[in-house]
Amino acid sequence: MSRYLLRRLIGMVVVIFLVLTIAFVLVRLAPGDPASLLLGPDATPDEVVALRRRLGLDQPILVQYATFVGNALQGNLGESLFFNQPVTQVLASRAEPTAFLALFSLLVALVIATPIGIWAAYRRGSVLDQGSITTAMLAASVPSFLTGLIFQRYLATDLGWFPASGYGGAGAGFGTRMWHLVLPSITLGITNSALILRFTRASMLDILGEDYVRTARAKGMTERRVVLRHALKNAGIPIITVIGLTFALLVSGAVVTERVFNLPGMGNLVVNAVLRRDYPVIQGTLIVVAGLYVLVNLLTDLLYLVVDKRVKY
Amino acid sequence: MTFRAVCLAGSAVLAFAAAAPVAAQGTVEVAIVGDPDTFDPMMSTKDVVSIVTQHFMETLYTFDDNWAVVPLLAADMPTISEDGLTYTIPLRKGVSFQDGSAMDSADVLASLQRWEKVASRGQGIADKIDSIKAGGPNEITITLNEPYSPLLSLLAFSNSAAVIYPEEIIADTIDKPIGTGPYKLQAYEPDQYTQLVRFDGYTQPGEAAGKRQQIPDEIRFVPVPDTSTRVEGLLSGQFDYADSLSTEAYDRIAKSEVAEPVLLEPFGWPIFAVNHKKGLMTDLNIRRAVQAALPFDDMLFAAFGDEKFFQTDGAFYPEGWTWRNDAGTELYNINDQEKAAAYLKEAGYDGTPLRILTSRQYEFHYQMAEVARMALEMAGFTVQMDVVDWATLAQNRDNPDLWDMYITHSPFLPEPALTSSFFATAREGWNNPKKNEILDRFTRETDPEKRKAIYAELQKVAYEDVGLIKVGNFNALQGKAKNLSGVRPSPWPAFWNASTAE
């Protein structure tokens, strides 16, 4: 077990280092100069040169890379060109909305997908089964920006049930901030429920056909006990896998939803950073997201140990 | 386990659904297109920087409702020597900075010297300034090498602005701006809001500048990059004012019970900037071919869709502006591809692609470029559309090897000399001797009537030499809550007199 963990941790470091290098190269391959953008349309070429020098962008690319890696190894992801703040500080300030949005969206997706998936598998071939598959396909097909715009227009603007956008503004309390996440969470949760629903249904279908389920029924157990205690528990591993992947996707993939609802999260941050050519922030976000992916994968694998005692590493 | 998760999910949704949003009193919420890049208005020419910083930073002069220069931190208009070289500016007494210190000529001197050094507009006239001196605690004297009539407009403009800081904080970079404006910067949360609160030590400027009544307790500028999100925020009552809205939203806003459209009519002019330094457009016949081919009315219609939002107008300034004249406009909107083909033949055009650099950051730029492409191809041009994101465009346009024309736009500026395209030093590099001579006369002349006549000459030569290509006038759409009053429609709306009726 400890050897397995060590191997995984070394793998994590390698992946993050690769991401770090790729991120550094990619953002510099993109055309567009941060100094020109920061100074505005009427800036003179001399001003642009001076600002590039101040930002260290006039250094040879290898020197910039060495500085970047050296600093990253010490936990310093550089300073945002736009905010004039350390990237770690900028990312930390964006973590709350993104983390809660991912969490609530996952909860919404689970609330929708799990019971329907179980029921659809249990009533295989029924109207509910066919309906759930169709709905899942529809939910997965409609892009979240469209769902978001529709919800925003009708539920926020017309009916006034929810805030249209933002994160509560200056001095907003925790409750207000969470209130602003309701509509984005539903938007993102619906879109992501489709995958979980399909996995739950498929996994449950496999298990419901197993001999031990037939045996449990033959022993006279109630259907509720058969489905929830015996079948669902054994269908857990694929469902946990997809939930883990979905969570990682939600953390990194809430870009569009954060944009539509103007949430000050990491997704919005990275879009703005790309438009502003804020290299350190783009690199920092990519590293954090890659780290999260790897970590969630590791945690998912470790969770198998808890769910299924037969799994050994 | 799964049912536990289901229950948790249900309770969480219910818990945050029960929490109610809180609205602050006496606050005006303004949706703007993004965060200001800086709170130091000397350092940026972006409109969003001007909109925010004008509330806490002030200049010696400002513009009144008719775009005439009037005193703000200056006590009066300057005394100008007969040779037009010396401007003696009296300063207002009793003006306080937001740190409690009193403003005097030492602060003004240090600020103007910094402006010359770091601000693009200040750098632009630095070689014309011989000296800036304090003539006592409440007087500043600017001496020029040669007469330069746009000086006062430059001192009044809120963009790359000659704002006044306390001498003590003057440095190459100013992170925490301290000004004399009616509001002060209270908090800034990147990508969330900029919070301004009333500055209690504010002293009102003279009557000409208009009262800055400090009605709202707070002004919050909320960056909302997505235009449809700004519209929904306005219509849902979340914002009192929203800047830069898509004209497609006009009808929805007009029908709203809580908001109404604010049409800035006209707002500005889309421009095809011409590369005079390198490439195809250095040939006058090629430039004339482009000018003859372009159907400006069709381009404007494609870009704005409804005549409510544009005017097909060749004069560089619209009706009602002192600078308006019709010189040269017979060359506007020719829309004659055969004539263009004749110019191409005269130029010996060999099919080299004409590169139009544009972006979809502003959709109307792209739409105009598409119509232009079709007309130019009909005239015989080979057109290469280089459609890039705004960041790339901002970089590439500084390299004359990469484009022949790029598309931009500008609000109508109160002083024509603020339009950088007229100057040979601009990135377009329009260096026509006749134009240079006219421009030189224009910036030296101080008599307003004579300046108007010279500006007509400048506009004429801009058409004849195709120095830049004006597409037309366009209107900008902003939106406001129905109960909001006291905000004058402007490219740079100010909120110190804004009030919301209950």
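## Model and confidence

This is a predicted model, in which local features need pLDDT of at least 70, side-chain atom pairs count only at pLDDT 80 or more, and totals for chains, interfaces and linings use all residues. Residues are numbered from 1 along each chain as its sequence is written, while chains are lettered from A and ligands numbered from 1 in the order in which they are written.

The model scores ipTM 0.73 and pTM 0.81. Chain B has an average pLDDT of 90, pLDDT being the predictor's confidence in each residue on a scale from 0 to 100. In chain B, 95% of the residues score at least 70. Over residues 1-25 of chain B, pLDDT stays under 50. For residues 1-25 the model has 33 contacts beyond four places in sequence (a contact is two residues whose C-beta atoms, placed from the backbone, lie within 7 Å).

Helices (H or I, at least four residues) and strands (E, at least two) are DSSP runs, numbered from the N terminus. Two strands pair if DSSP finds at least two bridges between them.

Strand β8 (residues 183-189) of chain B runs antiparallel to strand β9 (residues 193-198) of chain B, and six bridges join them. β8(B) and β9(B) form a hairpin with three residues between them. In the turn, B:Asp191 has a positive phi of about 65°.

β9(B) also pairs with strand β10 (residues 218-223) of chain B, in the antiparallel sense and over four bridges. B:Thr194 is the bridge partner of B:Tyr188, and in β10(B) the bridge partner of B:Thr194 is B:Phe221.

## The four-stranded sheet of chain B

Four strands of chain B form an open sheet in the order β4-β5-β7-β6, with antiparallel pairing. β4 (79-80) and β6 (129-134) of chain B stand at the edges with a single partner strand each, so one side of each has no neighbour in the sheet.

β4(B) is joined to strand β5 (residues 86-90) of chain B by two bridges. B:Ile80 stands opposite B:Tyr87 in β5(B). Helix α3 (residues 105-118) of chain B lies across β6 and β7 (139-144) of chain B and runs at about 160° to β6(B). Axes are lines fitted to C-alpha atoms, for helices over the stretch in contact, and angles run from 0 to 180 degrees between N-to-C directions.

## A:Thr134

Helix α6 (residues 127-141) of chain A contains A:Thr134. A:Thr134 is exposed, because 10 other C-beta atoms lie within 10 Å; exposed means 12 or fewer such atoms, with C-beta atoms placed from the backbone. A:Thr134 and A:Ala235 are 101 residues apart in sequence and 22 Å apart in space, C-alpha to C-alpha.

Notes: A residue is buried if 20 or more other C-beta atoms lie within 10 Å of its own, exposed if 12 or fewer, and partly exposed in between; C-beta atoms are placed from the backbone.
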